[in-house]
Amino acid sequence: MIALHSFGPAFGLPDPSPFCIKAELLLKLSGLPYQRVSGDLRRAPKRKLPLIVDDGVTVADSSFIRFHLENRHGIDFDKGLDAERRGTLWALEKMLEEQVYWIIVDERWMDDANFARGPADFFKTVPAPLRPLVCAMVRRQVRRNLYGQGIGRHSQAERLVLAARALDSLVAILGERDYLGGDAPAGGDAALGAFMMAALCPLFDSAFRRQVEARPCLVAYATRMSERFFPEYVVRPAA
Ligand SMILES: N[C@@H](CCC(=O)N[C@@H](CS)C(=O)NCC(=O)O)C(=O)O
């Protein structure tokens, strides 16, 4: 049985990490048996989660997990799609991971109130006198990562311009379909499902969430994906 090493449920989501939700969606789409176990970043080969252990083989990173499932288990996540659609979905996935992800990180980690509502929980096992210090240190590192990646160099208004363009692209690429793959989910749906669930997390005060909410087809999509794959974490349109 494949073991999925992830963070585990938090923030009212199956996982605080969209990459871990994506990896779990890939496993669900593959139909292979798996179990979720609590991951340990210190032992993770890339110091990040998710990773899987499959018959003694460790595979780190959600994209390499996909490649492993394809190569080792003969899964074609994009069955029935032509090369152009496959390419479009791959590009969409990387837009989510390389840009949208950082917009979500910025909102969750850099805003004091959002940090207190969510990520602060990761540090609750740190002894109370040390906790503010450790939190400040880790948030400084996240700020450096955001700056290094580039998104942290933009103003919030600029980030939202980029976010709107990304969301409009998602709307166009999804079109009238139920899933990016058409009537059935494809590999890209693991990424889009994960990121829309993360974006719509109601725990945070999020301008990005409001941008997603302004695009009802994306909210309907997130509801559809969560109802089908995570019935205990169904995303509903805001009242
Ligand atoms: N490219 C990786 C990204 C995974 C990733 O960024 N994981 C984050 C959580 S969202 C992580 O483990 N961060 C821990 C750290 O940076 O210390 C993938 O696709 O799996």
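Colleague: Which residue takes a positive phi in the hairpin of β3 and β4, and how many residues lie between the strands?

Modeller: This is a predicted model, and in it D55 is the residue with a positive phi, near 50°. The hairpin has two residues between its strands.

Colleague: How do β3 and β4 run, and how many bridges join them?

Modeller: Strand β3, residues 51-54, runs antiparallel to β4, and four bridges join the two. V53 has T58 as its bridge partner in β4. L51 is paired with A60 of β4.

Colleague: What is the order of the strands in the sheet?

Modeller: The order is β2-β1-β3-β4, in an open sheet of four strands with mixed pairing. At the edges stand β2 (34-38) and β4 (57-60); each has a single partner strand, so one side of each lacks a neighbour in the sheet. From one strand to the next, the twist averages 25°.

Colleague: Which helices pack on that sheet?

Modeller: Helix α1, residues 18-30, packs on the sheet and touches β1 (2-6) and β2. The direction of α1 makes about 165° with that of β1. Helix α2, residues 62-73, also packs on the sheet, where it touches β3 and β4. The direction of α2 makes about 135° with that of β4.

Colleague: Back to β1, please. In which sense do β1 and β2 pair, parallel or antiparallel?

Modeller: The pairing of β1 with β2 is parallel and extends over five bridges. Within it, L4 has R36 of β2 as its bridge partner.

Colleague: And what is the hand of the unit made by β1, α1 and β2?

Modeller: These three elements form a right-handed β-α-β unit.

Colleague: How many bridges join β1 to β3?

Modeller: Three bridges join them, and the two strands run antiparallel. Here L4 stands opposite I52 in β3.

Colleague: Is β1 mostly covered, or are its residues exposed?

Modeller: β1 is mostly covered, with four of its five residues buried.

Colleague: Let us turn to Y34. Where does Y34 lie, and which residues does Y34 touch?

Modeller: Y34 belongs to strand β2. Leaving aside residues up to four places away in sequence, Y34 touches M1, I2, L4 and L27.

Colleague: Why does Y34 count as partly exposed?

Modeller: Y34 has 17 C-beta neighbours inside 10 Å. A residue is buried at 20 or more such atoms and exposed at 12 or fewer, so a count in between is partly exposed.

Colleague: How far apart are Y34 and V219?

Modeller: They are 185 residues apart in sequence, and their C-alpha atoms are 28 Å apart in space.

Colleague: A change of topic: which peptide bond is cis?

Modeller: The bond from L49 to P50 is cis, with omega near 15°. P50 sits in the loop between β2 and β3. As background, most peptide bonds are trans, and most residues other than glycine have a negative phi.

Colleague: What phi does F11 have, and where does F11 lie?

Modeller: F11 has a positive phi of about 60°, although F11 is not a glycine. F11 lies in the loop between β1 and α1. With 18 other C-beta atoms within 10 Å, F11 is partly exposed.

Colleague: And what about D61?

Modeller: D61 is likewise not a glycine, and its phi is positive at about 95°. D61 is located in the loop between β4 and α2. D61 has 19 other C-beta atoms within 10 Å and is partly exposed.

Colleague: Finally, how is the chain divided into domains?

Modeller: Domain 1 covers 2-73 and domain 2 covers 83-233. Taken over C-alpha atoms, their centres are 18 Å apart.

Colleague: How many residues does the contact take from each domain?

Modeller: The contact takes 13 residues from domain 1 and 18 residues from domain 2. On the side of domain 1 that touches domain 2, α1 provides the largest share, seven residues.

Colleague: How do the residues on that side of domain 1 divide into nonpolar, polar and charged?

Modeller: Nine are nonpolar, one is polar and three are charged.

How values were computed: Residues numbered from 1 in each chain as written. Predicted model: local features only at pLDDT ≥ 70, side-chain atom pairs only at ≥ 80, totals over all residues. Pairing = 2+ DSSP bridges. Axes fitted to C-alpha atoms, helices over the stretch in contact; angles between N-to-C directions. Contact = placed C-beta atoms within 7 Å. Domains from an automatic or database assignment. Nonpolar A, V, L, I, M, F, W, Y, C, P; charged D, E, K, R; others polar. Right-handed = clockwise from strand over helix to strand, strands pointing away.
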